[in-house]
Amino acid sequence: MDPFISKVAVVTGGSRGIGYNVAKELVARGARVVIGDILDKQGEAAIKEFNDRAGKKVAAYIHTDVTKYKDLLALFSLAEKIFGCVDIAVLNAGVTGMGAGGIFTPLDDEKDMSIHDINMGGVIKGNKVALLYMAKHGKGGAIVNTASMAGVTPANFIAAYAASKHAVVGWTRSLGHLKHVCNVRVNAVCPAVCATDINNYVDHQSTSDFLNSSPKVSMEIVVQTFIRCIEDSRLSGDILLALPDGTHIQPKYNPPASSVSKEFLDKLPQIRQDGNKFAKEALAQAIKDSKL
Ligand SMILES: NC(=O)c1ccc[n+]([C@@H]2O[C@H](COP(=O)([O-])OP(=O)(O)OC[C@H]3O[C@@H](n4cnc5c(N)ncnc54)[C@H](O)[C@@H]3O)[C@@H](O)[C@H]2O)c1
C-alpha cells in the first residue's frame, strides 16, 4: 500500500508553481491536502481540480498569510477538522523580494524585512505550528521546508533572498534531533532554477539573465525530491538539492577539527541525550500551553 494513502498534508504556497505540483502529487498518491496561500482564486481552482478528479473531497483551501500565526493556526486546524489530523507539512510559500532583494535598495524598515517575514518567518512559524499539531497525537510526521540553491550558494543581486533561504537551511539542519524527540522529521529541498512564475518577479536584468541562462530542473525532479523527504525515514535535518540531473543529498556538516576536542566529543552523546530529554519536556509543555 502506498505510504501516502490516508495521510493528511498541509501545503503553503500551494496555489501555483512548486507547491501546487507537490499538492497534486500527494493527492495522486492517495493523501488528502489542505492548501494555504494568498492567491485565493488559484487555490480554490486547484482544490476543485483535485476534488473533481478524485470524485470525492480530498482537498481544501483556506486563505493563509504565512507571516501570521493566526492564519497558520487556522490552516492546520482546518486540516484536522476536515481530515482528522496532520501527518505532512510542506512549508513552501516564498517570494524573491521585489524592490528589496539586494543591497542597493532604499532603506525601508518594512520592505527590507518583508522577504524575511515570508521566506524565513513563514517556515519558522509554520514549523512551530506543524510540530504542535503532529506531536500532540504522538504519531509524529514529516515536515518539508522549501529553501533554494540560493540557500547554499551566493546570489549577488538577490542577496536578501539568499539570506532568507540560508536561514531556512540553518533552521532545518538544527531540527534533525526532533526525530528522536517526537518522531517528526524536518528536511528541506533546495531547487535549482525551475520554470515558475516566481522568476518573473526580479529587480535586476542581471538576475533575469542569470535565471534565463541557468540550466533548469524539471518540475518532476523537484516534486520527487519533496516526496523523497517525506518517504525516506533516514532523512532528518537533511538538505536535498533538486538539480537538473536529479536529487542530491547534501553531506552532513563536519566541524573543523580545531573546533572540537576529544574531551568534547566524549561528552557529546550525554549532552545530546540530556538535550533530547529537555526537548521532550519543553514540547509537552508547549503542547499544553497551546491548548490545541
Ligand atoms: N522556481 C524556482 O526557480 C525556485 C528555485 C528555488 C526555490 N524556489 C522556492 O520554491 C517556493 C515556491 O516557489 P515557486 O517557484 O513555485 O513560485 P510561485 O511564485 O509560483 O509560488 C509561490 C507561492 O507562494 C505564495 N505566497 C507568497 N507569499 C505568501 C504569503 N505571505 N503567504 C502565503 N503564500 C504566499 C504565492 O502566492 C505563490 O502561490 C518558494 O519558496 C521559492 O523561493 C523556487
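Which residues form a nonpolar patch on the surface? Select Tyr 69, Leu 73 and Leu 292: together they have about 220 Å² of accessible area. Patches are made of residues with over 30% relative accessible area and no salt bridge, and nonpolar side chains (Val, Leu, Ile, Met, Phe, Trp, Tyr) are joined within 5 Å. A salt bridge would be a side-chain nitrogen of Lys or Arg within 4 Å of a carboxyl oxygen of Asp or Glu. Areas come from the Shrake-Rupley method with a 1.4 Å probe; for residues, only the protein chains shown count as cover.

The model is predicted: local features need pLDDT of at least 70 and side-chain atom pairs pLDDT 80 or more, while totals for chains, interfaces and linings use all residues. Numbering starts from 1 along each chain as its sequence is written, and side-chain values use heavy atoms, without hydrogens and water.

Stay on Tyr 69, which lies in helix α3 (residues 69–83). Helices are DSSP runs (H or I, at least four residues), numbered from the N terminus. Tyr 69 is partly exposed, at 33% relative accessible area; that term covers values between buried (under 20%) and exposed (over 50%).

Next, select the ligand. Its surroundings comprise 27 residues, with Ile 18, Asp 37, Tyr 161, Cys 194 and Thr 196 the closest; a residue counts if one of its heavy atoms lies within 4 Å. Helices α1 (17–28) and α5 (159–173) each supply at least two shell residues.

Now show distances from ligand oxygen atoms. One is 2.7 Å from a polar backbone atom of Ile 18. On side-chain N or O atoms, look for 2.6 Å at Tyr 161 and 2.8 Å at Lys 165. The protein buries 96% of the 820 Å² that the ligand exposes when taken alone.

How values were computed
Polar contact = N/O pair within 3.5 Å; in protein donor to acceptor, adjacent residues only side chain to side chain. Patch = residues over 30% accessible without salt bridge, like charges linked within 9 Å, V, L, I, M, F, W, Y side chains within 5 Å. Buried < 20%, exposed > 50% of the residue type's maximum accessible area, 1.4 Å probe, protein only.
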